[in-house]
Amino acid sequence: MQDDRQASSSRHEERIAQIPPADPFTFSPDPAKPRPILTSDHTVAQWHATPGFRAFWGWITRRCDRIKGKEIMTGGSESSPINSLLAMLDAMIGWVDEAPPQAQSNQRFGNLAFRDYIKLVEKRLPERIAAFPSIPAALPDQLVALLVHSTAFGQPTRLDYGTGHELAFVLALWCCVVSGWVGEQGGEDEEDELVLRVFPRYLELVTLLQKTYRLEPAGSHGVWGLDDYCFFPYLFGSAQLLDSNITPAQALERAKQPSNPSETISDMYTLSLHRITLFKTGAGFSEHSPLLHQLSAFPDWKKPHAGLRKMFMGEVAGKRVVVQGVWVGGWTWGEDVPDEQGGKMASQERTHGGGSASQQVVTPAPWSQGRGDSRASVLEATRGDWAGTVPRRR
C-alpha cells in the first residue's frame with residue numbers, strides 16, 4: 001500500500017513538473033472574482049493546466065532565470081508601484097506594536113494576540129490597497145482576495161503560517177504584473193524588483209509575526225519537510241546563487257555563524273538558513289533540517305535548484321492541504337473559474353467560507369489528526385531529484 005502511494009505521488013510530481021509555461025495569453029481586464037475553489041484534489045489537479053497557473057509558473061521560471069547573480073535589493077525604488085507595496089509591508093510591520101502578545105503560560109504555539117493583529121489587517125489593508133496610486137480598477141479585488149481572504153500573513157483560527165500562505169502572497173505579486181500595474185512602465189527590471197525587493201520585505205514581516213506570536217508551522221511535516229514555514233526563499237535564493245562561487249556547503253556554514261547578522265546576507269537562500277538557526281536550537285542542523293542539510297553536499301547549485309522547482313510543484317502547488325486556503329480568480333485560473341459549489345467540492349471540505357479571515361472554517365491538516373506518516377513515506381513524498389542521491393563530501 002505504501003509503495004502504491006509513493007508511486008502515485010511520484011507520477012503526480014512528474015506530470016505537473018512537465019507542464020510547460022503558458023503560450024502568450026491575453027488576460028481579461030475584467031477578470032472573474034477570486035473564490036475558494038481549491039478544496040478537492042480534482043480541482044487542484046485542474047488548476048495546474050489552467051492558463052492562469054501555467055502563466056504564473058512561466059513567470060516564476062523567468063524570474064529565476066533573470067535573478068541569477070543578483071542580490072537582495074534594499075531601500076526604496078524608482079517605481080511607484082514597488083514603493084507602494086513596500087510602504088504597505090512597512091505599515092504592517094508597525095501594526096505589530098498595536099497588538100502586543102498576551103500573557104499565555106499554557107500554550108507552546110500560537111499567541112491569541114495574533115487574532116487582534118489580523119483584525120487590523122482585515123480592517124485596514126483593503127482601504128490601503130484601494131488607495132494605491134494608478135492601480136488598475138480590477139486589481140484591488142484580486143489583491144484583497146489573495147492577501148486577506150487567503151490569509152497570506154497567517155491563519156488566525158489555527159494561529160499558524162506556512163507555504164500556502166506564502167504562495168498566496170506570491171500570486172498577489174503575479175496579479176500586479178498581469179494587471180499591467182507592475183512591468184508595463186518599468187519592464188522586466190520592475191518585475192524582478194517584486195522578487196528581490198518586495199518579497200524579502202514580506203519575509204521580514206512574516207518572520208516577525210512568527211517570532212512575536214509564536215505561530216505554529218501550518219501543516220508541518222516536522223523535521224522531514226524542507227522548512228516548517230516557507231519555500232520560495234529557497235527557490236529564489238538558489239536561483240540567485242546559480243552562477244556564484246559560493247557552494248551550498250559554504251552557504252550553510254555562513255548561515256550558521258551566530259555573529260553574522262541577517263542584514264549582511266545578500267541572497268534569500270542563506271538568509272532563510274540563518275533564520276532557521278534562530279528558531280531551532282538544541283539540535284544539530286542535520287537533525288532538525290535534514291533535507292536542507294542534504295542540499296549542502298552538492299558542489300554547485302544546479303541540481304538543488306532543479307530539485308526545488310520539482311518539489312514546489314509536487315509539495316506546494318500540488319498538495320490540497322497546502323493550497324486549499326488560496327482564493328483563485330480570472331488572473332490565477334482563467335475565465336472559466338469553476339463555481340465553489342460545483343464539481344466534487346463538498347461544503348465540508350471548504351477551508352474558507354465568506355467573510356473575514358478570522359471567521360473562516362478551517363480544514364485540519366491530515367497529520368494533525370493522529371494520522372502521522374512514517375518517516376519513509378514522508379521522505380519519499382517531499383524529495384526532489386537530488387534526494388537520496390546526495391554525493392558524499394570528500
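Let's start at Thr-270, which sits in helix 11, the stretch covering residues 268-279. Bear in mind as you look around that this is a predicted model. Is Thr-270 buried or exposed? Its relative accessibility is 2%, so Thr-270 counts as buried, given that anything under 20% falls in that class. Leaving aside residues up to four places away in sequence, Thr-270 touches Leu-241, Ala-251, Arg-254, Ala-255 and Ile-265.

Now step back for a look at the whole protein. You'll find 16 helices and 2 strands in it. What about contacts between residues that are at least 6 apart in sequence? Within that group, 80% join residues at least 24 apart.

Another threonine is worth a visit. Thr-207 belongs to helix 8, which takes in residues 187-213. With a relative accessible area of 17%, Thr-207 is buried, because the cut-off for that word is 20%.

Helix 3 (residues 51-66) packs against helix 7 (residues 163-178) at an angle of about 90°, and their axes lie 11 Å apart. That angle is why helix 3 is described as roughly perpendicular to helix 7. Who meets whom at this crossing? From helix 3 come Gly-52, Ala-55, Phe-56, Trp-59 and Ile-60, while helix 7 brings Leu-167, Val-170, Leu-171, Leu-173, Trp-174 and Val-177. Sorted by class, this contact has 10 nonpolar residues, 1 polar residue and no charged ones.

Finally, a word on cysteines. Cys-64 has a relative accessibility of 1%, so it counts as buried. Cys-230 is buried too, with a relative accessible area of 11%. How many disulfides turn up when the whole structure is searched? The search finds 0.

Notes:
Residues numbered from 1 in each chain as written. Predicted model: local features only at pLDDT ≥ 70, side-chain atom pairs only at ≥ 80, totals over all residues. Heavy atoms only, no water. Axes fitted to C-alpha atoms, helices over the stretch in contact; angles between N-to-C directions. Helix = DSSP H or I, 4+ residues; strand = E, 2+ residues; numbered from the N terminus. Parallel < 35°, antiparallel > 145°, perpendicular 65-115°, else oblique. Contact = heavy atoms within 4.5 Å. Nonpolar A, V, L, I, M, F, W, Y, C, P; charged D, E, K, R; others polar. Disulfide = S-S within 2.5 Å. Buried < 20%, exposed > 50% of the residue type's maximum accessible area, 1.4 Å probe, protein only.
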